[in-house]
Amino acid sequence: MNPHALTRRCLSAAAALTLSAGALAVAAPGAAAQENDVDTLMIATNQEVDTFNPFKRRFTITYETSMMTYETLVRIGADGYEPVPGLATEWTESEDGLTWTFTIREGSTWSDGEPLTAQDAAYTYNLLIENQAIHDWNIDFAANLVSAEAPDDTTFVLTLAEPAPAEVLYREVYIVPEHVWSTYPDPSADDANRLPLVGSGPFQVTEYETDEFIRLEANEDYWDGAPGFDEVVYDYYVETDAAVAALEAGEVDIVGSGMQGGLNPAQIGALESQGHVTTNDAQGRRYVSLTLNHGTVTQDGTEFGDGHPALKDPVVRTAMHTAIDKQALVDTVLDGSGTPATSLIPSIFEQWHWDGGGELVEFDIDAANRMLDDAGYARGDDGIRTMPGGGEPLRFRFYHHADNTAYATVVEFVTEWWAELGLDIEAEAIEQGTLNDLAYLGEFDIAFSGWGVGPNPTEQLGMHTCAVLPTLTDGSERSSENSYCNPEYDALHEQQKVESDPAARAELVKRQQQLLYEDAPVIWLYYQNVLEAYNHDTVTDMRTQPAEGGMITGQQGFTWSYYTARPSNTEEDGGAPVWVWVAVAAAVVVAAAGAIVFAMRRKQTADERE
Amino acid sequence: MTSTTASPRALHLSSKRARRKLARARRRRSFARSWTAYRSQRTGMVGLVLLGAIVVLAIGAPILIDESQLSVTQATGGRMEPPSAAYPLGTDETGRSILALTLWGSRLSLLIGLTATVVAILIGTAIGVTSGHIGGWYGWIALRISDWFMVLPSLVVAIALLAVLGRSMATTITVIALVSWSGTTRLVRAQTLTVQARPYLERARALGAGHWHQMTKHILPNVLPLVLASATLLVPSAILMESSLAWLGLGDPSVVSWGSILNRASDNGAVSAHAWWYLLPPGLAILIVVLAFMMCGRALEAVFNPRLRGER
């Protein structure tokens with residue numbers, strides 16, 4: 001091949017490419033214009049979907065889609081997690097607390113147009129009572145239900161075996177349409193409800209592609225008014241950095257707790273400098289804690305596991321607690337986006353949170369050293385303390401989650417502080433699954449833990465009662481957080497469960513937290529803030545939960561933010577008018593055609609020349 | 001050295017000593033010859049100087065920078081501060097100097113890279129020499145096993161092994177050695193077969209030399225130069241492997257290596273924050289070390305491999 005032929009081919013190829021690019025340039029604005037007719041709220045996520053079945057789902061992403069697709073009788077308020085009317089306009093509790101009567105909202109309909117009645121509520125609660133699989137999945141609540149009836153279209157009556165006011169109001173039971181669900185062969189199956197889902201909430205899931213997107217379409221006939229956006233789309237991003245870049249580029253509207261692990265302070269810092277992005281550093285519902293193996297036992301008192309004997313001594317645990325500067329952890333690891341923790345319930349739940357009064361442990365390494373000296377844990381020649389009377393050195397295994405960088409940094413801090421106490425800490429990063437296995441087998445000394453707490457504190461408090469201690473030693477029963485068992489605590493727990501007066505209940509709950517704090521089976525480190533950001537050029541008016549300094553993503557009981565969100569009114573000034581695109585495309589096409597003609601002519605003359 | 005009134009035993013001893021002296025002189029000469037050949041290669045010399053500087057820095061790190069600078073509780077800098085007079089390469093998210101981390105990281109990265117290579121080379125040479133020399137069904141099986149390790153995708157195997165064995169320095173070294181010994185085996189086996197065919201080995205066999213004698217006295221010395229060159233080329237891949245694994249979050253998070261610094265940087269949002277001072281130093285350090293080892297290795301290869309020398 002001669003060099004001219006090569007040049008010619010290259011030229012033709014380039015021209016063909018340019019031509020097709022020109023065609024695309026004409027097509028692109030048209031497609032964009034079509035999309036602009038639909039207002040879409042884009043939320044970044046990386047969480048897989050377990051199941052859309054609202055009775056079985058366990059993941060956060062499907063919690064949010066269930067909240068939007070279906071509805072509960074009682075919503076959880078946006079102001080301060082208070083119960084507010086949802087599908088039920090009002091409710092009454094009988095004197096003995098066993099019978100609850102709900103008035104179902106008139107005029108509400110399912111997304112397929114069928115009317116929603118008290119029959120649907122009765123059908124849903126009866127699934128919990130009668131469908132064995134659904135019953136078992138929700139055993140902690142369902143076991144207490146006796147009957148669910150609908151005497152007429154607007155009255156729903158729920159009967160309980162024991163009073164449980166908080167559970168009835170806060171337990172999120174998503175009312176499903178009887179006329180659809182009664183046709184399902186097995187309502188407890190993972191794929192029982194096929195897409196598009198029929199629900200009564202503000203948005204319904206219509207489409208889902210694994211690792212690509214989840215699409216929810218607005219319910220225009222929603223009883224509380226049509227939502228501001230036509231659809232909500234969860235867009236999948238593998239890396240949080242990629243989601244941040246997408247928000248910067250305007251491809252996604254909200255990045256927050258939809259990304260597992262959330263945004264970190266550096267990413268928030270980067271987003272703050274963007275003119276179109278609003279960042280939100282909201283108080284969170286999550287605590288991070290250190291579980292100390294103070295001796296794992298079963299219901300009948302059989303000890304198992306291989307925890308260090310020194311950790312059974314409350315003095316050692318308190319000394320370790322005293323040697324942790326929680327404020328420093330918040331300042332450095334979280335860059336101030338959090339609060340030092342006291343006990344189980346994060347401070348976002350003001351009514352339940354125990355602030356410690358004036359009795360909190362103060363960071364003081366000298367005092368901690370004195371405690372251990374006085375208790376007889378003498379230092380050996382290598383500076384490591386041993387059990388009183390010599391013997392086993394205080395060498396603790398410290399397990400943290402391998403995929404969590406923040407935990408690794410916390411470990412570095414805590415290890416350095418504890419080294420000053422003469423404790424020998426062997427830190428090890430372990431996969432989450434393995435770490436949980438070891439923790440429930442009692443084969444650890446210190447391990448990380450962390451939970452998101454809901455508006456009803458019973459579930460979290462219940463993980464520290466004697467009733468949930470395992471019966472077997474094989475680590476398969478995982479209801480007890482750390483083998484804590486204290487009759488005084490249990491008595492308080494039973495009282496708070498049936499207490500209808502919120503103020504009286506709060507006193508009991510706080511007393512429980514104080515007991516946990518003093519016994520220190522677990523050291524609570526900090527309450528982590530939710531870091532999130534959104535594009536205020538495209539979305540506005542999102543209601544936070546709680547009202548003061550609250551969060552947009554990760555709301556509880558009702559997705560106030562996505563429901564109230566509406567497109568910003570700011571003018572779209574980014575796109576050029578259509579005629580510019582057409583002119584550009586035309587110019588490109590002409591130029592490319594010219595190049596082809598030129599190349600052809602060259603070819604002809606070349607042939608002649610040859 | 002030998003006295004005139006020597007007994008036969010002393011004579012015997014002295015002749016042994018003379019033989020050793022001769023051997024030493026021969027080795028010295030051959031070393032000098034190789035050194036001259038090596039010195040004539042500019043890239044090799046540059047690599048050697050670079051490597052020397054890096055090793056001096058790594059060994060001297062504790063003198064240059066106090067270990068307390070790695071302490072998170074005693075860190076004085078701000079959060080991800082850009083480079084300044086106090087922190088020439090800026091700080092990380094806990095306020096530690098990136099310069100200190102990078103210098104200290106060199107120790108672990110080099111240690112893991114070198115140890116893993118030594119282990120891999122030991123395994124590779126042992127299997128290579130024995131399979132080449134002994135041959136038969138043993139040689140066949142050894143060869144198939146090394147083939148099998150060669151076709152396994154090393155990073156995937158390393159990740160799987162680390163997931164099973166847990167994360168620590170020892171397991172990282174083991175895993176890297178395990179996935180990288182097979183190349184050496186091939187090389188050593190080929191060279192063993194070549195040496196095997198030389199007449200003096202036939203003579204040694206005729207004189208009654210056993211397998212052990214043949215392998216250690218005749219084959220190994222002839223194979224070692226190649227092994228040295230191959231080891232020098234294996235170190236950079238081991239360092240890269242360690243860094244990749246640590247960057248993927250599979251290293252021991254409680255130790256400082258270049259890969260783990262990169263891992264922390266990306267996990268803490270250094271990319272979004274455009275904190276180039278956090279990402280660049282460990283990345284460049286990896287680049288320079290790998291480059292230095294490659295330069296030395298290529299030069300050594302050229303020295304010891306006559307065919308490559310001819311090309312030059």
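**Entry 1: domains of chain B**

I began with the domain assignment of chain B, which gives domain 1 as 1-39 and domain 2 as 43-309. The model is predicted, and I read every value below as computed from that model. Taken over C-alpha atoms, the centres of domain 1 and domain 2 of chain B are separated by 36 Å. I then looked up the contact between these two domains of chain B and found 4 residues of domain 1 touching 5 residues of domain 2. On the domain 1 side, the classes are 2 nonpolar, 1 polar and 1 charged residues.

**Entry 2: chain A overall**

I listed the secondary structure of chain A and got 19 helices and 21 strands. Chain A has 610 residues, of which 43% count as buried. I also checked the contacts in chain A with a separation of 6 or more; 68% of them join residues 24 or more positions apart.

**Entry 3: contact between chains A and B**

I looked at how many residues each chain puts into the contact: 22 from chain A and 23 from chain B. On the chain A side, the elements that give two or more residues are helix H8 (240-249), helix H9 (265-272), helix H13 (405-420) and strand E17 (424-430). H13(A) gives the most to that side, with 8 residues. I sorted the chain A side by class and noted 10 nonpolar, 6 polar and 6 charged residues.

**Entry 4: a four-stranded sheet in chain A**

I traced an open sheet of 4 strands in chain A, with the order E4-E5-E7-E6 and antiparallel pairing. Strand E4 (88-93) and strand E6 (145-152) of chain A each have a single partner strand, so they stand at the edges with one side left without a neighbour in the sheet. On average, neighbouring strands of this sheet are turned by 20° against each other, direction ignored.

I took the pairs one at a time. E4(A) pairs with strand E5 (residues 99-104) of chain A in the antiparallel sense, over 5 bridges. Here I noted A:Ala88, whose bridge partner in E5(A) is A:Ile104. E6(A) and E7(A) also pair in the antiparallel sense, over 5 bridges, and they form a hairpin with 2 residues between them.

Helix H3 (residues 118-130) of chain A lies across E5, E6 and strand E7 (155-160) of chain A, and runs at about 165° to E6(A).

**Entry 5: the largest nonpolar core**

Which members of the largest nonpolar core touch the most other members? Of its 209 residues, I got A:Ala121, A:Val255, A:Val410, A:Ile523, A:Leu525 and B:Ile176. Helix H9 (residues 211-247) of chain B supplies the largest share of this core, 14 residues.

**Entry 6: A:His353**

I located A:His353 in the loop between strand E15 (338-340) and helix H12 (365-374) of chain A. Is A:His353 buried or exposed? A:His353 counts as buried, because it has 23 C-beta neighbours inside 10 Å and the cut-off is 20 or more. Beyond its neighbours within four places in sequence, A:His353 is in contact with A:Ile345, A:Pro346 and A:Ser347. I also took the distance to A:Leu472: A:His353 and A:Leu472 are 119 residues apart in sequence and 33 Å apart in space, C-alpha to C-alpha.

Technical notes. Residues are numbered from 1 along each chain as its sequence is written. Chains are lettered from A and ligands numbered from 1 in the order in which they are written. This is a predicted model: local features need pLDDT of at least 70, side-chain atom pairs count only at pLDDT 80 or more; totals for chains, interfaces and linings use all residues. Two residues are in contact if their C-beta atoms, placed from the backbone, lie within 7 Å. Ala, Val, Leu, Ile, Met, Phe, Trp, Tyr, Cys and Pro count as nonpolar, Asp, Glu, Lys and Arg as charged, and the others, Gly among them, as polar. Two strands pair if DSSP finds at least two bridges between them. Axes are lines fitted to C-alpha atoms, for helices over the stretch in contact, and angles run from 0 to 180 degrees between N-to-C directions. A nonpolar core is a set of buried Ala, Val, Leu, Ile, Met, Phe, Trp, Tyr and Cys residues joined through C-beta atoms within 7 Å. A residue is buried if 20 or more other C-beta atoms lie within 10 Å of its own, exposed if 12 or fewer, and partly exposed in between; C-beta atoms are placed from the backbone. Domain bounds come from an automatic or database domain assignment.
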